[in-house]
Amino acid sequence: MKAEPIRVVVTGAAGQIAYSLLYMIARGEVFGKDQPIVLHLLDIPPMVGVLEGVVMELADCALPLLVEVVPTTDPAVGFKDVSAAFLVGAMPRKEGMERKDLLSANVKIFRTQGEALDKFAKKDVKVLVVGNPANTNALVCSSYAPSIPRENFSAMTRLDQNRATSQIAAKVGVPISAVSNIIIWGNHSSTQYPDAGQGKVTVNGATKSVVEAVNDTAYLQGSFVETVQKRGAAVIAARKMSSAMSAAKAACDHMHDWWNGTAPGQFVSMGVFSDGSYDSPKDVIFSFPVEIKNKQWKIVSGLTLSDFAKNKLSVTGKELQEEKDEALSVLDSSVSNL
Ligand SMILES: NC(=O)c1ccc[n+]([C@@H]2O[C@H](COP(=O)([O-])OP(=O)(O)OC[C@H]3O[C@@H](n4cnc5c(N)ncnc54)[C@H](O)[C@@H]3O)[C@@H](O)[C@H]2O)c1
Ligand SMILES: O=C(O)C[C@H](O)C(=O)O
C-alpha cells in the first residue's frame, strides 16, 4: 500500500539554498523513495514572483513523489500540519561579517516561526534550523513553541561535518565513504571544534583511527581545524554568496538521518539542546555527536577528550552562552521564554 503523503515546509523557499534543497526533498532523497510529499514553500511578500517561478520549475521536474506544492507568505498556511520543517529563510552573511552579526535581524524571524509551529504544525514535527546564527535561532524558535518537545528542534552543523570529513578523506587519500565519526562540537561559527579524534578510516580494507592514519597532530590541531572553521567565509569570498548547494545537501543528510536513524557504531553531529554533557553550558543548542534510533537522537556519551579538545569546547560553549544572552536582549527578556 502506498504511504500517505507527509507535509514538509521549507522557509526561504525563493532563496538560493532552497533552490537545491526542494529538488532533493521532492526526489525522495530525505524521506524515502516511497514517501509522497506535499511541499509547503514559505517566503515573504516581495519574493512572491520568484516563488511562482520555483513552483513552475518544480512542476516541470515532473517528480512522481511530489503530490502538491503550497506556495505561501502566510506562516499559518506554511506550517499547517507539517511533519518536517527546514527553516532556511533568513538573511545570509556577507563578506567580512561573522554569523552572529545576523543575530538581531534573524532571531525575530525565528520567534514568529516558533509561534507558528506551536499553533499549526504536528506536535511531532522535526525542525531543522539552517538560517544563521543557526544554533541560537533554533533555541529561540523552540522557546516560542512550548507545545512541541524541545528534542524536536535542531540546528545544522552537518555541513561542517561534511567539510571536515572531506578534508580528512583528501588528506589520507581515500574516498569520502571510507571516513566516519568526525565530530563537530559547539556552535556553527568560527569557534566550532571540528574533532577528528574519534574518527575512523578504512585504508586498504583495514579500519583504523584517523589519528593513526593521518599521523600529524600539528595538522589535526592546526590547519584542519582552521580550514573547517573558516570554510563558510572562504566560500563567500570566492562566490560572493554563501554556500548553497553544499548547505542543501547537508540539510538533506541531517533530516535523512534523523528520519531513518544511524547505523550501529556510526554517529553524526547535530546542534541539539545541551544537557551539560562534556561540560558544555546547559540549555543552549550545542553540536554534539549523536546516535539516532526511532527518530530520537541521543548524545554519544563516554568519549574521552584531550585537554586541547576540552579547551576548544569551552570556547565555543562560552560563545553560545553569549549569543543566548544577546538574543534575550533583542527579544526583550520580559516576554521571552528562553
Ligand atoms: N547552518 C549552515 O550550515 C548554513 C549554511 C549555509 C547558509 N546558511 C544560512 O541559511 C540562510 C539562507 O541562506 P540562502 O543563501 O538561501 O539565502 P537567500 O538570501 O538566498 O535566501 C533567503 C530567503 O529567505 C527569505 N526570507 C527572509 N525572511 C523570511 C521569513 N521571515 N520567512 C520566510 N522566508 C524568509 C528571503 O526572502 C529569501 O528568499 C542564511 O541565514 C545563511 O547564512 C546556513
Ligand atoms: O558561512 C556562512 O555564513 C554561511 C554558512 O553558514 C556556511 O557555513 O557556509
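Biologist: Which residues does the UniProt annotation "domain: Lactate/malate dehydrogenase N-terminal" cover?
Modeller: It covers residues 7-153, according to the unreviewed UniProt entry. Keep in mind that we are looking at a predicted model.

Biologist: Now the ligands. Where does ligand 1 sit?
Modeller: Ligand 1 sits in the largest pocket. Helix H1 (16-26) and H4 are the elements that give two or more residues to the shell around ligand 1.

Biologist: Which residues come nearest to ligand 1?
Modeller: There are 25 residues around ligand 1, and the nearest of them are Gln 16, Asp 43, Met 91, Val 130 and Asn 132.

Biologist: And what does Gln 16 do there, in terms of distance to an oxygen atom of ligand 1?
Modeller: An N or O atom in the Gln 16 side chain is 2.8 Å from an oxygen atom of ligand 1. On the nitrogen side, a polar side-chain atom of Gln 113 lies 3.3 Å from a nitrogen atom of ligand 1. A backbone N or O atom of Val 130 is 3.2 Å from a nitrogen atom of the ligand.

Biologist: How much of the accessible area of ligand 1 does the protein cover?
Modeller: On its own, ligand 1 has 870 Å² of accessible area, and the protein covers 88% of that. By class, its shell has 14 nonpolar, 10 polar and 1 charged residues.

Biologist: Which residues does UniProt list for "binding site"?
Modeller: The unreviewed entry lists Asp 43, Asn 106, Val 130, Gly 131 and Asn 132. The lining of the largest pocket includes Asp 43, Asn 106, Val 130, Gly 131 and Asn 132. Asn 106 is part of helix H4 (residues 103-120).

Biologist: On to ligand 2. Which residues surround ligand 2?
Modeller: Among them are Arg 93, Arg 99, Asn 132, Arg 163, His 188 and Ser 243. The shell divides into 2 nonpolar, 5 polar and 3 charged residues.

How values were computed: Residues numbered from 1 in each chain as written. Chains lettered and ligands numbered in written order. Predicted model: local features only at pLDDT ≥ 70, side-chain atom pairs only at ≥ 80, totals over all residues. Heavy atoms only, no water. UniProt positions renumbered as here; feature names shortened; annotations may be inferred. Near = heavy atom within 4 Å. Nonpolar A, V, L, I, M, F, W, Y, C, P; charged D, E, K, R; others polar. 1 Å grid on protein atoms, 1.4 Å probe; cavity = no way out; pocket = protein on both sides within 12 Å on 5 of 7 lines; lining within 4 Å. Helix = DSSP H or I, 4+ residues; strand = E, 2+ residues; numbered from the N terminus. Polar contact = N/O pair within 3.5 Å; in protein donor to acceptor, adjacent residues only side chain to side chain. Areas by Shrake-Rupley, 256 points an atom, 1.4 Å probe, with all protein chains shown as cover. Sits in = over half its atoms within 2 Å of the grid points.
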